[in-house]
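I opened my notebook and went through the structure one topic at a time. Here is what I looked up.

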Amino acid sequence: MKLGLEEAQSPYTSGSQSARAWTEQWVKTWVYCPNCGSPTINAFPNNSPVADFFCAGCKEEYELKSQKRIFGNKVLDGSFRTKCERLAASNNPNLFLLNYDLKQRSVTNLCIIPKHFFVREIIEERKPLSSTARRAGWIGSNILLDQVPQSGKIFIVRAGRPEPKDSVLAKWRSTLFLRDQGQEARGWLIEVMKCVENIGRPEFQLDDVYAFEDRLSRLYPGNQNVRPKIRQQLQFLRDRGYLDFVSRGYYRVRSSI
Ligand SMILES: [Zn+2]
């Protein structure tokens, strides 16, 4: 994988349009499919409403957002209503977040958020556009990156270096079990995965997760049995190979994660 952006034969004139053309070309040339490992992915025709790229092998779809600056806690996204409809229909594309260095003409970071991490909790409704705007009343959305657990941010390139492909594919596979779950079940699992990450070490005890009981109660005010719910999620995560039960009340996160 070379990280340099080719000086495109691009007919565009504005800086951001050129950058878009460069980064799209780079993805087409160098990025493999993190789902099946196919060496390249293909671009959809321009302005496709659904996604930017797809894998001819496994049909996985990808949307690309690229910018110079490192992505902050929020990423601007399209119409809030469309986004919520897509969540319910589960045909959201996976999201590539790409950073480039314009001076060096090279890619510095490429992170992918698998689509199964897109739950209602990470989509924020923006304020409607003002009455003077061309699309007055239109409501956009933000993706709340800080609400996505680390296991949902898989780097293909990090700080100017490609990550080993094997480890990218292993990380991708390690959370695919979320796809079999409905929206609400996924929301719970992702929240408990975040709690486990926040403990900050691979081995932990049940009490370490119970320490987040208040937070989870606030998130799910309708649930009166948060502790049993936590235990149920941990058991599920164990059954899907995300973590191991070491001994009674003791757990360990698998190393590929
Ligand atoms: Zn594929």
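**An aromatic pair**

I started with Phe-245, which is partly exposed, with a relative accessible area of 32%. I kept in mind that the model is predicted. Then I looked at Tyr-251. Tyr-251 counts as buried, because its relative accessibility is 6% and the cut-off for buried is under 20%.

I counted aromatic pairs next and got 7. One of them joins Phe-245 and Tyr-251. Their ring centres are 4.6 Å apart, and the planes stand at 90 degrees, so I noted the pair as edge-to-face, given that planes over 60 degrees apart count that way.

I also wrote down one aromatic cluster, made of Phe-177, Phe-236 and Tyr-242.

**Helix H7**

Phe-236 took me to helix H7, where it is among the buried residues. H7 runs over residues 226-239 and has 14 residues. From its first C-alpha to its last I read 20 Å, close to the 20 Å expected at 1.5 Å a residue.

Which residues of H7 are buried? I listed Val-226, Ile-230, Gln-233, Leu-234, Phe-236 and Leu-237. They cover an arc of only 160 degrees around the axis, so they sit on the same side of H7.

What covers the buried residues of H7? I noted several helices, including H4 (183-199), H5 (206-210) and H6 (213-219).

Just after H7 I checked Gly-241. Gly-241 takes a positive phi of about 80 degrees.

**The zinc site**

I moved on to the zinc ion. Which residues are its protein donors? I found Cys-33, Cys-36, Cys-55 and Cys-58, each through its SG atom. They lie 2.2 to 2.3 Å from the zinc ion. The angles among the 4 donor atoms are 104 to 118 degrees, and the site is tetrahedral. I wrote the sequence spacing of the donors as C-x2-C-x18-C-x2-C.

Why does the pair Cys-36 and Cys-58 tie together parts that are apart in sequence? I looked up where each one lies. Cys-36 is in the loop between helix H1 (15-30) and strand S1 (42-43). Cys-58 is in the loop between strand S2 (53-54) and strand S3 (61-67). The pair therefore ties together parts that are 22 residues apart in sequence.

Cys-36 is partly exposed, with a relative accessible area of 40%. Cys-58 is also partly exposed, with a relative accessible area of 25%.

How values were computed: Residues are numbered from 1 along each chain as its sequence is written. This is a predicted model: local features need pLDDT of at least 70, side-chain atom pairs count only at pLDDT 80 or more; totals for chains, interfaces and linings use all residues. Side-chain values use heavy atoms; hydrogens and water are left out. Helices (H or I, at least four residues) and strands (E, at least two) are DSSP runs, numbered from the N terminus. The expected span of a helix is 1.5 Å times one less than its number of residues. Buried means under 20% relative accessible area, exposed over 50%, partly exposed in between (1.4 Å probe, protein chains only). The arc is that of the directions from the helix axis to the C-beta atoms. Contact means heavy atoms within 4.5 Å. Donors are N, O and S atoms within 2.8 Å of the metal (3.2 Å for Na, K and Ca); water is not among the atoms, so sites may look incomplete. Four donors count as tetrahedral if all angles lie between 85 and 135 degrees; four count as square planar and six as octahedral if opposite donors are over 155 degrees apart and all others between 65 and 115; anything else is irregular. Rings of Phe, Tyr and Trp (its six-membered ring) pair if their centres lie within 6.5 Å; planes under 30 degrees apart count as stacked, over 60 as edge-to-face and the rest as tilted.
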